[in-house]
Amino acid sequence: MKVAVIGAAGHVGLPFAIVCSLSRAHQVIGYDINEPAINSIKEGKIPFIEENGEIYLKECFNLHTLQFTSKFEDGRAFSPNAIARMIG
């Protein structure tokens with residue numbers, strides 16, 4: 001299943017996207033308007049403290065099951081089956 005996570009650079013959205021991605025049953029795209037945070041995540045760095053988060057993030061990248069964007073058009077082109085909104 002293709003899952004789009006809106007608000008994927010935050011304290012709830014990023015761990016959610018990682019867990020969905022690690023299940024290997026889902027392809028996940030994380031979308032957030034916080035471009036500096038998205039760029040940091042794309043480099044494998046989590047912009048806040050999350051125990052073992054960077055290890056799991058890198059595993060997702062190695063599995064090619066997780067990607068991130070700050071461009072809404074990329075999320076639409078991904079054609080998700082499900083959308084999870086993680087905005088507080």
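Colleague: What makes Tyr31 count as buried?

Modeller: Tyr31 has a relative accessibility of 17%, and because buried means under 20% relative accessible area, with exposed over 50% and partly exposed in between (1.4 Å probe, protein chains only), Tyr31 counts as buried. This is a predicted model, in which local features need pLDDT of at least 70 and side-chain atom pairs count only at pLDDT 80 or more, whereas totals for chains, interfaces and linings use all residues. Residues are numbered from 1 along each chain as its sequence is written, and side-chain values use heavy atoms, with hydrogens and water left out.

Colleague: How do you know which class Phe72 belongs to?

Modeller: Its relative accessibility is 47%, so Phe72 counts as partly exposed.

Colleague: What makes the rings of Phe61 and Phe68 an edge-to-face pair?

Modeller: Their centres are 6.3 Å apart and their planes stand at 90 degrees, while the rule for Phe, Tyr and Trp (its six-membered ring) asks for centres within 6.5 Å and calls planes under 30 degrees apart stacked, over 60 edge-to-face and the rest tilted; the pair is therefore edge-to-face. Phe68 is buried at 7%, whereas Phe61 is partly exposed at 22%.

Colleague: How many aromatic pairs does a search of the whole structure find?

Modeller: The search finds two. One of them is formed by Tyr31 and Phe72, edge-to-face at 5.9 Å centre to centre and 75 degrees between the planes. This pair links distant parts of the chain, 41 residues apart, with Tyr31 in strand S2 and Phe72 in helix H4 (residues 72-77), where helices (H or I, at least four residues) and strands (E, at least two) are DSSP runs numbered from the N terminus.

Colleague: Why is the meeting of Glu43 and Lys45 called a salt bridge?

Modeller: The N to O distance between their side chains is 3.7 Å, and because a salt bridge needs a side-chain nitrogen of Lys or Arg within 4 Å of a carboxyl oxygen of Asp or Glu, the two side chains meet in a salt bridge. The structure holds one salt bridge; Glu43 is exposed at 56% and Lys45 partly exposed at 45%.

Colleague: How do you know that the buried residues of H2 line one face of the helix?

Modeller: Those of helix H2 (residues 35-42) are Ala37, Ile38, Ser40 and Ile41. Seen down the axis of H2, they fall within an arc of 160 degrees, so they line one face, the arc being that of the directions from the helix axis to the C-beta atoms.
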